[in-house]
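Welcome! Please take a look at the sequence and the 3D structure, and then follow the short tour below.

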Amino acid sequence: MGRYAIRRLLQLIPVLLGTTFLINYMVWQLPGDPFAARCGQRPCPDAYINAMRAEFGLDQPIIVQYWHFLKNLLTGDLGVNFNNVSVASQLAESWPITVRLGLMAVAIEAVIGIVAGVLSGLKRGGFLDNVITISTLILLSLPVFVTGFLLQWLLGVQLDLIKPTVSDGAPFVELIVPAFVLASLNLAFTARLTRTSIIENRRSDYVRTAIAKGLSNRRVVGVHLLRNSLIPALTFIGTEVGSLMSGAIITEGIYNINGIGGLLWRAVNDHDFTIVVPIASLLVLVYLLANLLVDLLYGVLDPRIRYE
Amino acid sequence: MRVAKGAQIVAGTALLALGVAACGGGGSSTGGSGGGSNPRAADGTVFIRGCEPQTGFVPGNINEVCGGTINQFVFDQLIKYNSDTAAPELSQAESIESPDNKVWTIKLKPGLKWSDGSPVTAKNYVDAWNYTAYSPNAQNGGWWFGGVEGYSDVATEDPDGPDGPKEAPKPKSDKMSGLEVIDDLTFKVTLTAPEAVFRTKLGYTTFSALPDAFFKDPKAFVSNPVTNGAFKFVKWDHNSQIVVEANPDYVGTEKPKVKKIVYKMYKDDDAAYADLVSNNLDFTELIPPSALAGDKWKSDLGDRAIEGQQGVIQTVTFPLYDKEFGGNADFRKAVSMAIDRKTITEKIFNKGRTPLDGWISPLVDGYKTPGACGEFCAYDPAKAKEYLDKAKAAGYTPPKEYPIWYNGDSAHKEWVDATANSINQAFGPDAGVTFVGKAVPTFAEFRDIITTHKMKGLFRTGWQMDYPHIENFLNPLFKTGAGSNDGLFSDKELDAKLHEADTATDPADSIAKYQEAEAMLTKEMNAIPLWSFGLQAGTSKWVTGVKVTPFGVLDPLSIAIKEA
């Protein structure tokens with residue numbers, strides 16, 4: 001398994017090279033001069049445009065620019081953005097907040113989703129199953145921004161239970177509602193996936209064998225059934241970690257959370273590739289690592305799966 | 001940044017504590033009106049909505065709203081515009097005099113200080129202006145000094161533009177010959193030609209002074225400035241907040257009434273609005289469209305809602321460089337008369353905009369009623385048709401589909417579509433031309449197409465005044481070759497009239513000439529005035545006395561904390 005993990009990690013290098021180049025290229029291809037829109041209804045002075053282009057190397061061919069980017073990345077120097085603010089310090093401030101929000105969302109999604117899925121799967125057709133099916137249906141049919149605005153308005157403005165927006169340091173308590181909003185859609189998916197897989201596996205041979213052996217119901221469900229039924233849910237949760245973080249743009253906007261979502265959004269609008277490229281590359285990395293983690297966890301959950 | 005981190009956490013928790021207190025206060029006082037203590041009173045801090053400035057605290061390099069607003073908080077200018085009347089009043093200057101509007105003698109008030117304790121001197125002004133104008137410094141506001149004698153020696157142009165291979169030659173000098181320090185508090189400005197409006201211009205941020213500390217380390221100054229305004233800079237947490245505090249040395253007649261202002265940045269107007277409604281934010285001048293719809297914001301905010309006017313106008317411009325879409329004067333007049341401004345402002349903007357019948361904002365010096373555009377800006381379908389027929393008889397055949405362009409990344413679609421509909425209805429089905437609203441995805445692309453003169457159709461233009469004077473709505477937009485003359489309009493007579501007005505020595509006479517110049521725009525009708533912007537703002541229940549300037553931003557001296 002160790003060798004497998006190392007091989008997968010090595011594979012990250014070409015993938016990262018390719019994606020960062022593509023991202024660089026695409027940002028370069030965006031129509032419109034990034035500095036033309038910075039002076040409102042007035043054309044920017046030529047001297048200003050020249051100075052900015054020279055400073056950010058926009059007057060050089062794309063390959064040269066990409067080479068500079070790689071060199072700076074390897075030396076850990078991300079430079080400054082178009083507003084002359086250090087990119088690294090902006091990432092250092094917003095990245096942990098988004099990671100915190102993302103992990104909280106994953107936790108909420110996994111705990112509530114799996115518990116609800118198991119409960120409804122075990123008591124199929126019962127009252128609880130119906131309640132969960134209906135409530136997940138509601139969550140599935142609401143886009144994230146509707147859930148977000150609804151909860152903000154209800155809990156923040158009407159009932160005064162929470163602050164409508166998250167304050168600067170994004171403390172844990174204030175992130176609970178946004179994390180729930182972010183998790184809501186995936187939570188419903190997780191619950192349904194778990195439910196289906198529990199229902200299927202309950203009729204499988206190994207469960208029947210376990211029951212026939214006289215194992216307690218608790219052990220049958222807790223060890224044999226649950227472990228095998230979690231694989232699809234886990235795959236789903238793992239692959240969605242990356243999209244949770246990039247999908248945080250909407251949630252971060254609604255609750256004014258100072259994470260990478262907002263940073264990315266503004267940077268894309270300003271054509272500020274100095275921010276877009278590092279964030280997009282980081283997101284790619286998160287996706288890849290999350291996928292690797294899921295693959296490795298398969299082996300833990302299902303002993304039949306082995307990696308050499 | 002490392003130093004700021006600790007402070008940020010402290011501020012964060014303070015903010016949290018405040019928020020909790022605010023919740024408590026709000027909860028207990030839901031029944032009564034004035035009950036509960038005011039959480040702002042404890043430390044005299046108010047929170048207002050802001051956004052991340054593009055450039056830091058160098059007044060000569062700023063040309064966008066986020067940076068402009070905060071710089072108005074921390075730098076004082078020679079002139080300040082009255083928040084109620086927009087009239088220019090002396091601020092740092094004791095007197096600004098000129099016998100001929102060409103040579104200006106500016107005297108500073110004694111005892112003015114920078115936040116590092118050094119005095120504000122005439123040299124600070126001269127140095128700052130020279131720095132901003134010197135083209136290798138690449139300051140955005142450099143062109144503001146174009147009228148000062150010796151400007152051509154310090155600013156050179158790139159012979160083939162930014163895209164060409166050639167570079168701009170090095171300027172002959174880094175000092176404009178028209179600026180002269182007389183003594184510590186007096187300096188003289190010589191312009192190349194008389195300019196009646198020069199005094200009014202001096203309130204624009206670009207004309208601020210810069211302290212000696214700036215020239216020692218311009219890079220560090222950007223994010224940690226030494227200032228001289230009513231408020232002084234405390235700290236800037238990027239993308240999150242800028243904090244300023246009252247300057248105890250400020251000598252202005254009106255003193256700050258709060259101890260601290262936190263300029264809190266929001267990514268989303270709706271988020272700021274939610275905070276405003278629940279009293280976590282004390283002021284925002286951006287009420288989101290979702291709240292404006294059906295006047296919801298007025299019922300949400302009650303007496304905390306502020307309505308007013310601001311010096312911003314909306315126009316649409318014809319590409320006169322394009323034969324097919326430029327049309328002739330009669331066609332352009334026909335289009336203007338086919339737009340039902342009143343209905344659109346009522347239905348789409350809930351009366352948040354006022355129909356225009358001239359090319360200048362109603363707020364500025366030189367505005368008169370009825371406006372210069374007169375009958376050509378009044379909705380009259382019959383006359384519109386008549387002019388369309390005239391245009392066709394004169395040999396212009398409009399294309400079958402005539403687009404009105406806008407940038408799709410802001411809320412323009414609704415009014416552009418409504419305008420197109422209004423024109424189509426007025427012209428009737430057999431006009432042979434159909435107007436349609438068309439979006440360019442982003443503002444950057446939109447500006448790119450405009451500045452390279454490739455627009456095929458009418459396009460959205462607007463103007464936010466730099467200073468409250470009729471001149472600011474004419475010279476930059478309609479003079480031949482002017483910076484924002486996006487439709488490449490050119491009229492020699494108008495140029496001559498504007499020049500006459502520019503160089504007139506008597507201010508009243510000058511304004512009369514500008515008005516004559518404005519009236520001449522009806523001849524070619526190259527840009528169609530639509531409406532001027534109203535202002536919708538709101539405050540929390542914790543503050544009082546809030547005034548909004550004609551520039552549409554908070555007057556920081558007006559805001560005060562309500563006594564509990």
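## Where the two chains meet

In this predicted model, 52 residues of chain B are in contact with 46 residues of chain A; two residues are in contact if their C-beta atoms, placed from the backbone, lie within 7 Å. On the side of chain B that touches chain A, at least two residues each come from helix 1 (2–28), helix 8 (269–277), helix 16 (443–451) and strand 16 (458–464) of chain B. Helix 1 of chain B gives the largest share, ten residues. Helices (H or I, at least four residues) and strands (E, at least two) are DSSP runs, numbered from the N terminus.

What classes of residue make up this side of chain B? There are 18 nonpolar, 25 polar and nine charged residues. Here Ala, Val, Leu, Ile, Met, Phe, Trp, Tyr, Cys and Pro count as nonpolar, Asp, Glu, Lys and Arg as charged, and the others, Gly among them, as polar.

A note on reading the model: residues are numbered from 1 along each chain as its sequence is written, while chains are lettered from A and ligands numbered from 1 in the order in which they are written. As the model is predicted, local features need pLDDT of at least 70 and side-chain atom pairs count only at pLDDT 80 or more, whereas totals for chains, interfaces and linings use all residues.

## Chain A and its domains

Chain A has twelve helices and zero strands. Its C-alpha trace spans about 85 × 55 × 30 Å along its principal axes. Of the 308 residues in chain A, 38% are buried; buried means that 20 or more other C-beta atoms lie within 10 Å of a residue's own, exposed means 12 or fewer, and partly exposed is in between, with C-beta atoms placed from the backbone.

Chain A is divided into domain 1 (2–75) and domain 2 (87–305), with bounds from an automatic or database domain assignment. The centres of these two domains of chain A, taken over C-alpha atoms, are 32 Å apart. Their contact takes 15 residues from domain 1 of chain A and 14 residues from domain 2 of chain A. Helix 1 (residues 2–29) of chain A supplies the largest share of the domain 1 side, ten residues.

## Inside the cores

A nonpolar core is a set of buried Ala, Val, Leu, Ile, Met, Phe, Trp, Tyr and Cys residues joined through C-beta atoms within 7 Å. Of the 205 residues in the largest nonpolar core, Val276(A), Ile261(B), Ala334(B), Ala338(B) and Phe473(B) touch the most other members. Helix 7 (residues 172–202) of chain A gives the largest share of this core, twelve residues. Why does the core lie between domain 1 and domain 2 of chain A? Both domains give residues to this core, so it lies between them.

Helix 12 (residues 329–337) of chain B is mostly covered, with seven of its nine residues buried. Among them are Phe331(B), Ala334(B) and Met337(B). The buried residues of this helix pack against helix 14 (381–393), helix 15 (413–427) and strand 17 (527–539) of chain B.

The C-alpha atoms of Glu493(B) and Ala334(B) are separated by 23 Å. In helix 9 (residues 289–292) of chain B sits Ser290(B), which counts as partly exposed because it has 13 C-beta neighbours inside 10 Å.
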